Amino acid sequence: MESARQLASVVASFYTECVAKSQRLREVGFLREFRGGEGMSGPATHPDSSYFLRKLHSLTGIIPVGAFLAEHFWSNSAALVSAAKYDDVSQELQTIPFRPFVEWAFIFLPILFHGGYGVYIWLRGQSNVSAYPWVRNWLYTLQRYTGLIAFVYIGWHLYTERWLTHGRSTYDSVAQDLQNPWYLAFFVVGILASSFHLGVGIWNFLCKWGLAATVRAQRAAGQLGMAVGIVFGVVGVLIVLSFRLDWHPFSSYITK
C-alpha cells in the first residue's frame with residue numbers, strides 16, 4: 001500500500017511539472033507570436049546574420065525611409081488642391097538648400113540599404129508559413145513580398161521622376177503618364193504595397209526595439225501600424241485619382 005502511494009505521488013508530481021512546463025511554453029509562444037518577425041513569425045534565418053545590420057535595417061525602415069514616404073505623400077497631396085499648387089510645391093522641393101546631400105544621405109542611400117539588405121535576408125531565409133499558418137506569419141510573409149514590390153516601385157519612381165526629368169516633372173506630365181492603364185495599375189499596386197509594408201514595419205519596429213514589450217502593447221502597435229497603412233493607402237490612391245481624373249476636391253482652399 002505504501003509503495004502504491006509513493007508511485008501515485010511520483011506520477012502526480014511528474015504530471016504537475018509537465019503541465020507547468022506546457023503552460024510556460026504556451027506563454028512564450030504567445031509572446032513570440034506578437035513579436036513581428038521574431039520567433040515563428042518570419043523566415044528562419046542563418047545564425048551568422050549580423051545583429052547590428054538587422055537593427056539598422058529595422059530602423060531605416062522607419063527613419064528615414066518611412067519619413068520620406070510620409071513627406072512624399074504629403075507634398076504630392078498638393079495635387080488635391082490644384083495643378084498649380086502641385087507644381088509650386090514640386091518646384092519648392094527642388095530648390096531647398098543642400099538638396100543633393102539631403103537626397104543621398106536621407107533618401108537614396110537609406111532606401112538602397114533597406115531594400116537591398118531586406119532582399120538579402122529574404123534570400124538567406126526559409127519561410128515556415130506552410131508549417132505554421134498563423135495570421136501573423138502570413139502578415140510577415142506578405143510584408144516581404146510587398147517590400148520587394150515597394151523597392152522596385154520606389155526605385156523606378158525615383159528614376160523616372162527624379163533622374164530622367166531632373167526633378168522637373170509637372171502635374172500635366174504625371175497626369176499624361178497616368179492615362180496609360182498599365183502605368184496607372186503599377187502606380188496603384190506600388191502605393192498599396194508601400195503602405196502595407198510600412199504599416200507592418202511599424203508594428204515590427206515597435207516590437208523588435210522593445211517599445212512594445214507586453215502583449216497589450218504589441219496589440220496596440222499592430223493596430224497603429226494597420227491605421228497608418230490604411231491612411232497611407234487611401235491618401236495615395238486619392239492622389240493618383242487626382243492626376244488621372246483632373247480632380248481637385250480641395251480647390252476651395254484657394255483664396256481669391
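These are my notebook entries on a predicted model of a protein chain.

**Ground rules.** I number residues from 1 along each chain as its sequence is written.

**Overall fold.** I looked up the secondary structure and found 9 helices and 0 strands. Both are DSSP runs numbered from the N terminus (helices: H or I, at least four residues; strands: E, at least two). I then checked burial: 38% of the 256 residues count as buried. Buried means under 20% relative accessible area, exposed over 50%, and partly exposed in between (1.4 Å probe, protein chains only). Next came contacts, meaning heavy atoms within 4.5 Å. Among contacts between residues at least 6 apart in sequence, 81% join residues at least 24 apart.

**S195.** I found S195 in helix α8 (residues 181-208). Is S195 buried or exposed? S195 has a relative accessible area of 3%, so I noted S195 as buried. Leaving out residues up to four places away in sequence, S195 touches F73, G229, F232 and G233. A polar atom of the S195 side chain lies 2.8 Å from the backbone oxygen of I191.

**Aromatic pairs.** I paired rings of Phe, Tyr and Trp (its six-membered ring) if their centres lie within 6.5 Å; planes under 30 degrees apart count as stacked, over 60 as edge-to-face and the rest as tilted. The count comes to 20 aromatic pairs. Why is the pair of Y86 and F243 edge-to-face? The planes of Y86 and F243 stand at 85°, so the pair is edge-to-face, with ring centres 5.1 Å apart. Y86 lies in helix α4 (residues 83-94) and F243 in helix α9 (residues 215-245), so this pair ties together parts 157 residues apart in sequence. Both Y86 and F243 are buried.

I also looked up W122 and Y145, an edge-to-face pair with 4.8 Å centre to centre and 80° between the planes. W122 is in helix α5 (residues 99-124) and Y145 in helix α6 (residues 135-163), 23 residues apart. W122 is partly exposed at 26% relative accessibility. Y145 is partly exposed as well, at 45%. Ring pairs also link Y153, W156, Y183, F186 and F187 into a cluster.

**Charges over rings.** I required NZ of Lys or CZ of Arg within 6 Å of the ring centre and within 35 degrees of the ring normal. The charged end of K55 sits over the ring of W209, 5.0 Å from its centre.

How values were computed: Predicted model: local features only at pLDDT ≥ 70, side-chain atom pairs only at ≥ 80, totals over all residues. Heavy atoms only, no water. Polar contact = N/O pair within 3.5 Å; in protein donor to acceptor, adjacent residues only side chain to side chain.
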